[in-house]
Amino acid sequence: MNADTIYIYSDGACKGNPGIGGWGALLVTDGHRKEIYGGEAATTNNRMEMTAVIRALELLKRPSMVEVHTDSQYVQKGISEWLPGWKRRNWRAADGKPVKNQDLWQRLDALNQQHRIEWKWVRGHAGHPENERADALANQGVLQAQQH
């Protein structure tokens with residue numbers, strides 16, 4: 001681990017899709033750890049996956065070197081591969097339909113431009129301790145949303 005890099009481990013969860021959802025993220029840098037989570041009453045799994053990363057990046061107070069670990073290929077491929085085409089086509093997917101979750105993609109794009117981010121996909125539920133923790137935090141977010 002590089003002491004100058006902020007490592008973000010993120011996950012989203014949804015009971016029903018759409019349904020009650022939760023998001024969670026773990027930020028690790030130079031021996032410090034911060035856990036965040038939340039939930040929404042009516043959402044989708046993809047929105048929760050994106051929200052986890054967005055909320056984590058929003059905590060950064062200055063431009064940083066960041067490594068984002070997500071088990072969501074939607075998030076990883078969306079930001080790394082699909083986004084330039086969507087923007088070129090005025091937020092239309094390859095099939096001509098409006099891009100789903102455009103509000104979150106635009107926010108994530110803006111945050112992506114503020115930092116130097118390496119986007120890493122990790123297999124979900126594969127025993128990776130930090131990603132397992134992000135999964136647990138996302139499930140706490142679901143519980144929180146169910147109680148409100």
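Which residues line the largest pocket? In this predicted model, the lining consists of Ala-3, Asp-4, Ile-6, Thr-29, Leu-59, Leu-60, Lys-61, Arg-62, Pro-63 and Ser-64. The protein has four helices and five strands, and 48% of its 148 residues count as buried. Residues are numbered from 1 along each chain as its sequence is written, and side-chain values use heavy atoms, with hydrogens and water left out. Because the model is predicted, local features need pLDDT of at least 70 and side-chain atom pairs count only at pLDDT 80 or more, whereas totals for chains, interfaces and linings use all residues.

**Overall fold**

- Read along the sequence, the elements follow the pattern β-β-β-α-β-α-α-β-α; helices (H or I, at least four residues) and strands (E, at least two) are DSSP runs, numbered from the N terminus.
- The C-alpha trace of the protein spans about 45 × 40 × 30 Å along its principal axes.
- The radius of gyration is 15 Å, which agrees with the value near 15 Å that a compact globule of 148 residues would have; this radius is taken over C-alpha atoms, and the globule rule is 2.2 Å times the number of residues to the power 0.38.
- Of the contacts between residues at least 6 apart in sequence, 66% join residues at least 24 apart, where contact means heavy atoms within 4.5 Å.

**Nonpolar cores**

- A nonpolar core is a set of buried Ala, Val, Leu, Ile, Met, Phe, Trp, Tyr and Cys residues joined through side-chain atoms within 4.5 Å; buried means under 20% relative accessible area, exposed over 50%, and partly exposed in between (1.4 Å probe, protein chains only).
- The largest nonpolar core has 30 residues, and those with the most contacts inside it are Ile-8, Leu-57, Trp-105, Leu-108 and Trp-119.
- At least two residues of this core come from each of strand E1 (5–15), strand E2 (19–29), helix H1 (45–58), strand E4 (65–70), helix H2 (73–88), helix H3 (102–114) and strand E5 (116–121).
- Helix H1 provides the largest share of this core, seven residues.
- Another core, of five residues, lies apart from it and includes Tyr-7, Tyr-9, Leu-26 and Val-28.
- Leaving aside neighbours within four places in sequence, Leu-57 is in contact with Ile-8, Val-66, Leu-108, Leu-111, His-115, Ile-117 and Trp-119.

**Pocket and cavity**

- On a 1 Å grid over the protein atoms alone, a cavity is a set of points where a 1.4 Å probe fits but cannot get out, and a pocket is an open set with protein on both sides within 12 Å along at least five of seven lines; lining residues have an atom within 4 Å of a point.
- Grid points are joined across faces, edges and corners, and a volume is the space filled by probe spheres set on the points.
- The largest pocket holds about 220 Å³ of space, and its lining divides into five nonpolar, two polar and three charged residues.
- In these classes, Ala, Val, Leu, Ile, Met, Phe, Trp, Tyr, Cys and Pro count as nonpolar, Asp, Glu, Lys and Arg as charged, and the others, Gly among them, as polar.
- One cavity of 30 Å³ or more is counted, and the largest cavity has a volume of about 50 Å³.
- Residues lining the largest cavity include Asp-11, Asp-71, Arg-123, His-125, His-128 and Asp-135; by class, this lining has one nonpolar, five polar and five charged residues.
- Helix H4 (residues 129–147) gives the most to the lining of the largest cavity, with three residues.

**Loops and backbone features**

- Asn-17 and Pro-18 are joined by a cis peptide bond with omega of about 10°, and Pro-18 lies in the loop between E1 and E2.
- Trp-91 is placed in the loop between H2 and H3; its phi is near 65°, a positive value in a residue other than glycine.
- Trp-91 counts as buried because its relative accessibility is 11%.
- Asn-101 is found in the loop between H2 and H3, and its phi is near 65°, a positive value in a residue other than glycine.
- Asn-101 counts as buried because its relative accessibility is 15%.
- Not counting residues up to four places away in sequence, Asn-101 touches Asn-46, Arg-47, Met-50 and Tyr-74.
- The C-alpha atoms of Asn-101 and Met-50, 51 residues apart along the chain, are separated by 9.0 Å.
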